[in-house]
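Let's walk through this model together, one region at a time. Have the sequence and the 3D view open as you read.

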Amino acid sequence: MSDQQKNPNQEAEQDLNSEAKNEAVEELLEPEAELLEAEAENDELAKALEEVAQYKEAALRAQADAQNVRRRAEQDVEKAHKFGLEKFAKAIVNVADNLERALASAADTGEADPVREGVELTLKDLLETLARFEVKAVDPHGEPFNPELHQAMTMVPNPELEPNTVMDVVQKGYTLHGRLLRPAMVVVSSAA
């Protein structure tokens with residue numbers, strides 16, 4: 001045989017051998033390629049899951065913010081209902097003070113005085129109306145001094161009372177739904 005005939009046969013054999021080797025290498029590399037693809041998919045999956053977690057957290061935060069806004073709005077409405085009368089109540093308690101002063105200055109003669117009775121009934125009706133709207137008087141005579149509800153006008157030495165006891169009430173205080181509307185003006189005892 002000639003060299004040329006051997007060469008094509010050898011070349012064909014070599015081509016078949018190299019193809020077989022290439023196929024074997026490809027078969028060996030195929031799992032690696034699949035692993036690389038799976039890793040890439042896992043990376044994409046991990047990224048997607050991380051994004052999902054971020055979106056869930058953002059949604060929860062938005063939901064919590066909306067709930068807080070709703071709760072604050074409800075509280076504001078409730079306070080508006082409770083304390084909407086605050087300015088009016090401050091003005092009307094002055095009327096109650098004036099009626100009490102009128103009764104204190106009118107001489108109690110013991111006889112039926114229609115004017116005195118009218119003032120007493122008007123004051124009684126006014127106080128009942130105030131009580132219906134949760135306006136309550138603070139009359140702390142004989143109680144310990146409380147700076148949250150009382151305003152001390154003066155301190156007077158008095159050995160009969162414990163120090164910081166309210167001796168006299170100059171002007172009643174008032175609360176509206178438990179919130180101080182006006183402090184009671186008081187005279188407080190001090191140590192002798």
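Throughout this tour, a residue is called buried under 20% relative accessible area, exposed over 50%, and partly exposed in between (1.4 Å probe, protein chains only). This is a predicted model, where local features need pLDDT of at least 70 and side-chain atom pairs count only at pLDDT 80 or more, while totals for chains, interfaces and linings use all residues. Residues are numbered from 1 along each chain as its sequence is written, and side-chain values use heavy atoms, with hydrogens and water left out.

Let's begin with the overall layout. The protein has three helices and six strands, and from the N terminus on the elements run α-α-α-β-β-β-β-β-β. Helices (H or I, at least four residues) and strands (E, at least two) are DSSP runs, numbered from the N terminus. Of the 192 residues of the protein, 19% count as buried.

Now to the charged pairs. Side chains of opposite charge can pair when their charged atoms come close. Here a salt bridge is a side-chain nitrogen of Lys or Arg within 4 Å of a carboxyl oxygen of Asp or Glu, and the structure holds seven of these salt bridges. One of them sits in helix α1 (residues 3-83), where Glu78 and Lys82 are four residues apart, about one turn of the helix. Their side chains meet at 3.9 Å, N to O. Glu78 is partly exposed, with a relative accessible area of 46%, and Lys82 is partly exposed as well, at 32%.

Is Arg116 buried or exposed? Arg116 counts as buried, because its relative accessibility is 17%. Glu120, at 36% relative accessibility, counts as partly exposed.

Another salt bridge joins Glu100 and Lys172, with the closest N and O atoms 2.9 Å apart. Glu100 lies in helix α2 and Lys172 in the loop between β3 and β4, so this pair ties together parts that are 72 residues apart in sequence. Glu100 is partly exposed at 22% relative accessibility, and Lys172 is partly exposed with a relative accessible area of 21%.

Rolling a probe the size of a water molecule over the atoms shows where empty space is left. On a 1 Å grid over the protein atoms alone, a pocket is an open set of points where a 1.4 Å probe fits, with protein on both sides within 12 Å along at least five of seven lines, and lining residues have an atom within 4 Å of a point. The largest pocket has a volume of about 160 Å³, a volume being the space filled by probe spheres set on the points, which are joined across faces, edges and corners. Which elements each supply at least two residues of its lining? They are α2 and β3 (166-171), and α2 gives the most, with four residues.

Helix α2 (residues 86-105) also holds Phe88, which counts as exposed at 53% relative accessibility. Together with Leu85 and Phe133, Phe88 forms a nonpolar patch on the surface, with about 300 Å² of accessible area in total. Patches are made of residues with over 30% relative accessible area and no salt bridge; like charges are joined within 9 Å, and nonpolar side chains (Val, Leu, Ile, Met, Phe, Trp, Tyr) within 5 Å. The accessible areas come from the Shrake-Rupley method with a 1.4 Å probe, and for residues only the protein chains shown count as cover.

Next come the strands. Strand β4 (residues 173-176) and strand β5 (residues 179-182) pair in the antiparallel sense over three bridges; two strands pair if DSSP finds at least two bridges between them. Leu176 stands opposite Arg179 in β5. The hairpin of β4 and β5 has two residues between the strands, and there His177 takes a positive phi near 55°.

Glu134, in the loop between α3 and β1 (135-138), has a positive phi of about 60° although it is not a glycine. Asn164, in the loop between β2 (150-157) and β3, has a positive phi near 65°, and it too is a residue other than glycine. Glu134 is partly exposed at 32% relative accessible area, and Asn164 is partly exposed at 42% relative accessibility.
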